[in-house]
Amino acid sequence: MGENVSPLKWKMATLAIFYLERGDSVFVAAHTSAGKTVVAEYAFALASKHCTRAVYTAPIKTISNQKYRDFCGKFDVGLLTGDVSLRSEASCLIMTTEILRSMLYRGADIIRDIEWIGYIDEVHYVNDVERGVVWEEVIIMLPRHINFVLLSATVPNTIEFADWIGRTKQKQIRVTGTTKRPVPLEHCIFYSGELYKICENEKIIPQGLKAAKDAHKKKNSVMVTGTGSHSGSTAANERARNQRRENYSHAKQNKHSGFQNMDSSGANRGTQTSGSNNWGLRRSEASIWLSLINKLSKRSLLPVVIFCFSKNRCDKSADNLTGTDLTTSSEKSEIRVFCDKAFSRLKGSDRNLPQVVRVQGLLRRGIGVHHAGLLPIVKEVVEMLFCRGVVKILFSTETFAMGVNAPARTVVFDSLRKFDGKEFRGLLPGEYTQMAGRAGRRGLDKIGTVVVLCRDEIPEEKDLKHVIVGSATRLESQFRLTYIMILHLLRVEELKVEDMLKRSFAEFHAQKKLPEKEQLLMRKLAQPRKNIECIKGEPEIEDYYEMHSEAERYSNKITEAIMHSPVSQQYLTPGRVVVVKAQLAQDHLLGVIVKSPSANYKQYIVLVVTPHLPSILKTSSDGREKNGADFQVLVPKSKRGLEDDYYSSVTSRKGSGIINIKLPHRGSAAGVNYEVRGVENNEFLSICNCKIRIDQVRLLEDVSAGAYSNTVQQLLTLKSDGNKYPPALDPMKDLKLRDIKVVEDYYKWTNLLQKMAQSKCHGCVKLEENIMLARELKRHREEVNALKFQMSDEALQQMPDFQGRIDVLKEIGCIDSDLVVQVKGRVACEMNSGEELICTECLFENQLNDLEPEEAVAIMSAFVFQQKNTSEPSLTPKLSQAKERLYDTAIRLGELQAKFKLQVDPLEYAHENLKFGLVEVVYEWAKGTPFADICELTDVPEGMIVRTIVRLDETCREFRNAAAIMGNSALYKKMETASNAIKRDIVFAASLYITGV
């Protein structure tokens, strides 16, 4: 295990190894630098011992290359990535997750040979929006005989994720990990030349934060006090701060790394004032970095990784340290010898590339930069020298934290905000933890230091607490259907697309509840069925109930339209009889409007007859409710005062408008209960065609019991003719509604009422009882059908998307009406590096036929190039025509997908999947132009150019395989020629991790 093994690591590793020895699958969720690799090594050792094969998969090629180097001396190991295939027959194979997925879809022989261990690193990559789906596909498709060793950073829902894998593979997944870091962290703020400790042992230290804020206030107060010249200085500083923010927000990617572009004079940058301002900003920025480096150096806190969130900022920050030299003469010699050996494999002109020369100059002074814009070989040199300890300061983007296992003494955050490709936002706790985890070298440091650099503002305590000690990001499913996945699964008999959807992490909780739903369904189906007994011998009640329900729906629609129409307001006046909605349909309340809305009271005040006395009133002895609502009981006439006697006409006295009752006001009169309440417009069920005489003043101001009794008696008289409620105002005749939809609903409603009147059930004495029974039976049927739907494939979240994609594939001829994959679909299955539909249509429309190999491969670069904003390339007429043709194809495919209800915007679809920024560069490279010359044609960084051309070689192989399926020998030869044309020099220089230095 090595000599620097912490008890924490020993416990975690021992438990995991115990499970491995028992033949169980394990999920290790441990902190950065906790030694998860020990578990992987043991798994490899077991595979060798059992004479079986083990597969190690990593999310990115860099990790794969590093692991190959680490395991090479210990095991019989091979490497398979997109562009490298080494010793594929070895017992222990390291590969990217995409390669493993491709093997699973193809049914490669190697999968059958893996008998014991499937080992997947960086499982938290499942959260990656673009590539997280690959993890889920691999986990779902791996055969059940393969055991898992899953490694991940700490996440909150480890058990949930392990449970999903266990249910999917029908085996138990043992979970182990660490609860704290092996090397604890302290978190500091660096402001105005000083470090302030703000967090230790995962607890915020308010005193440190307060000291930083006091220093900030003191500095600002010094700046704003004094003479007018000081005020001018403050304004200049404020302008400088704003300029810095603006520069940061709008930083453009500069392929030349910014080292030679930052001249000290501003003569060529507009006015002299502008130039002096820029110089002042650079000087200020340089002084901040020098102050920080000096402070870290004095406290022996080097080496340090400084995370900047743009390539341009990394380069400019490194350039600010022009006078800084942190290496000894022996270290300089070691760096020079290492660089000479590493770059000796490049040809002469490539060794003198500006980036290679600049980075070597920085490395000799102990300063490094690391980002996607660097050439792969330059990146590897920086990584290896940093691991050797001779690079003391490394300016890096966050990819260094994900792809390189190289801890440092200290980590510095240039900012706590980043641009994520869509917007500027604060760092997530999981992102902060991943990067901060690089601080503290196990076995070398007792504590790791994390520093947040503050230039102008001190963050608030709640923001710091959220990002430093906040909960890590949960593992969330990023599963989505793709055309290539559907086509592969249609060709594989063992697994259907519906099965893939069911087994995805996204559907885990729904699928987990299926046994419960199945039991519930069985119970509902086993319930004794109630039958409706018709006394007339002809059971039409179900038909009648359907008409009754439909009439009720139309009635509700018409009522809603009435209540929202301006005409109805003219009828909602005091004395108008109304029906107010209640919770139960059979208990709607008959009432009368007492007062219309006013400035003081926004609701209608309505007196309604209520069916039952509230139970709370039966227990109250003082005649008043406990909740404060008024209640009034009409006393016998002999005990009533003169003013409370019954009145049959409206009083002539004009009221003051005051309401002397507390709403709701409840009481009892004429043997029934009533309630005065506030009612909103949408609470009215219907407006009746009659009015009664009321005395608003005596009801609301005098609170006369006689007035209430009179009103209630009038309402009861309206019900005496046997009808539950008086007839409503006719929407057409009375309210004169002319809305077409309302008129249609009205005629449908009246027709239904006529049909119901003709039914034998109409007027039956058991009608109400039978309707309730019919309603209960229908609800039971609906519940059973809902459960059956939830248990069916149709309930899967992505089923509508699946149906739409199937329709698209049928339309373009990839599959036939029986879902059998055609030749076009087999070609699409080969397209892994570009968008499968566009690539396939490009081939079947013969868009590459009239192009030379150099032109074809140049146009194909649009499939794999990823940078959005670039300088406009200068294209030949033939290339311009090919570009337009391909773009039109993408637009047509986007429109086709939109037609089948997929969430696709044609323009966005074309722009996302076709980026023509490197067409000219690739064309010149394929023609044999030196790398230094093609770099001058674009503002795209060298590293991105190399990455695109390497992926383009993979695309050429895919197109070549597709040509073989199509039987197009001319295209096959063209792709071979194109691949050979681009495969040369620095672009395809072998990785230092693989060949050694």
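These are my notebook entries on a predicted model of one protein chain.

**Overview**

I began with the whole chain. I counted 40 helices and 25 strands in its secondary structure. Of its 997 residues, 51% count as buried. The accessible surface comes to about 46,700 Å², and carbon and sulfur atoms hold 50% of that. I then looked at contacts with a separation of 6 or more: 74% of them join residues 24 or more positions apart.

**The sheet**

Next I traced an open sheet of 8 strands. I wrote down the order as S11-S10-S9-S18-S15-S12-S14-S13, with mixed pairing. Which strands sit at the edges? They are S11 (203–204) and S13 (367–370), and each pairs on one side only.

S12 (residues 304–307) runs parallel to S15 (residues 410–413), with 4 bridges between them. Val304 stands opposite Thr410 there. I also found a helix on this sheet: H18 (residues 461–469) packs on it and touches S9, S10 and S11. The direction of H18 makes about 65 degrees with that of S10.

**Strand S9**

I went through S9 (residues 185–191) residue by residue. How many of its 7 residues are buried? The count is 7 of 7. In a regular strand, side chains alternate between the two faces of the sheet. I sorted S9 that way: Leu185, His187, Ile189 and Tyr191 point to one side, and Glu186, Cys188 and Phe190 to the other. Both sets are buried, with His187 and Glu186 among them.

S9 has two partners in my notes. With S18 (residues 448–453) it runs parallel, over 6 bridges. Phe190 has Leu453 as its bridge partner in S18. With S10 (residues 194–200) the pairing is antiparallel, again over 6 bridges. Cys188 has Lys197 as its bridge partner in S10. S9 and S10 make a hairpin, with 2 residues between them. I noted Ser192 in the turn, where phi is positive at about 55 degrees.

**Nonpolar cores**

I looked up the largest nonpolar core, which has 200 residues. Which residues have the most contacts inside it? They are Phe161, Phe395, Phe413, Tyr432, Leu848, Phe863 and Phe931. Helix H38 (residues 942–966) gives the largest share of this core, 10 residues. Another core lies apart from it, with 23 residues, including Leu685, Cys688, Cys690 and Leu715.

I then listed the neighbours of Phe413, leaving out residues up to four places away in sequence.

**Cysteines**

I searched for disulfides and found 0. Cys314 is in none; its nearest cysteine sulfur belongs to Cys308, 4.5 Å away. Is Cys314 buried or exposed? Cys314 counts as buried because its relative accessibility is 0%, and the cut-off is under 20%. Cys935 also counts as buried, at 3%.

**Helix H4**

Last, I read along H4 (residues 97–106). Its buried residues are Thr97, Leu100, Arg101, Met103, Leu104 and Tyr105. An α-helix has 3.6 residues a turn, so residues three or four places apart point the same way. Gly107 follows H4, and its phi is positive, near 70 degrees.

Terms used:
Residues numbered from 1 in each chain as written. Predicted model: local features only at pLDDT ≥ 70, side-chain atom pairs only at ≥ 80, totals over all residues. Heavy atoms only, no water. Buried < 20%, exposed > 50% of the residue type's maximum accessible area, 1.4 Å probe, protein only. Contact = heavy atoms within 4.5 Å. Areas by Shrake-Rupley, 256 points an atom, 1.4 Å probe, with all protein chains shown as cover. Core = buried A, V, L, I, M, F, W, Y, C linked by side-chain atoms within 4.5 Å. Pairing = 2+ DSSP bridges. Disulfide = S-S within 2.5 Å. Axes fitted to C-alpha atoms, helices over the stretch in contact; angles between N-to-C directions.
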